[in-house]
Amino acid sequence: MARMYPVKLNDRSGAVVNARRILPVLAGEYFAQVRGLLAGTTHPRDLHRIRLATKHFRYTLELFRPCYGSGLETRIATLRNVQRLLGDINDCVASWELLSKTLPKSPTRTKVKEYLKNQAEHDAEDFRKEWKEKFDAPGREGWWKVYLRNAGKSA
């Protein structure tokens, strides 16, 4: 798994300088981490790690809001959408795990399991499509990095 915060904040530099240095690298790490996880997993349960990485990346960007203009809000909104898609998957997986501990084995439990499994797989396919066709479309990583390198210039 890619390490988060590959470079350290410089306490003597201001937020803008740190944003320019750190956030483009963090964006690259995020893209690489998600690509790696997607290449290595097919089960919806495993996508939770991507959800956590997305939350971490988004919350870090939100700390630097004052350094950027409205373009950062556009990028944060795309991360929120990724989180929403991944949250839908996680809800199905978590619901099944909870129900399997509380409901006795029965035809109803089997039907619920199948429904949640199918929904999680459908949602996972929606996420993969969104990721490939929009979020990680050709040039999108560069769109992030160029913008993040220009902290203070668009605020």
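**The aromatic cluster**

Select Y30, F31, F57, F127, W131, F135, W143 and W144, which form one aromatic cluster. Rings of Phe, Tyr and Trp (for Trp, the six-membered ring) are paired if their centres lie within 6.5 Å; planes under 30 degrees apart count as stacked, over 60 as edge-to-face and the rest as tilted. By this rule the count comes to twelve aromatic pairs. The model is predicted: local features need pLDDT of at least 70 and side-chain atom pairs count only at pLDDT 80 or more, whereas totals for chains, interfaces and linings use all residues. Residues are numbered from 1 along each chain as its sequence is written, and side-chain values use heavy atoms, with hydrogens and water left out.

Helices (H or I, at least four residues) and strands (E, at least two) are DSSP runs, numbered from the N terminus.

The term buried means under 20% relative accessible area, exposed over 50%, and partly exposed in between (1.4 Å probe, protein chains only).

W143 and W144 form an edge-to-face aromatic pair, at 5.9 Å centre to centre and with 90 degrees between the planes. W143 counts as partly exposed, at 26% relative accessibility.

Now select the arginines R75 and R140. R75 lies over the face of W143, 3.6 Å from the ring centre. The charged end of R140 also sits over the ring of W143, at 3.9 Å from its centre. A charge sits over a ring if NZ of Lys or CZ of Arg is within 6 Å of the ring centre and within 35 degrees of the ring normal.

**The helix pairs**

Switch to a cartoon view. Two packed helices are described by the angle between their axes and the distance between the axes. Axes are lines fitted to C-alpha atoms, for helices over the stretch in contact, and angles run from 0 to 180 degrees between N-to-C directions.

Select helix 3 (residues 70-102) and helix 4 (residues 107-135): their axes come within 9 Å and cross at roughly 165 degrees. Helix 3 and helix 4 are therefore roughly antiparallel to each other; angles under 35 degrees count as roughly parallel, over 145 as roughly antiparallel, 65 to 115 as roughly perpendicular and the rest as oblique.

Helix 2 and helix 3 pack at an angle of about 155 degrees, with their axes 9 Å apart. Helix 2 is therefore roughly antiparallel to helix 3.

**N118 and the whole chain**

In helix 4, select N118. At 42% relative accessibility, N118 counts as partly exposed.

Finally, zoom out to the whole chain. The chain holds five helices and zero strands. Its C-alpha trace spans about 60 × 30 × 25 Å along the principal axes. Of its 155 residues, 39% count as buried.
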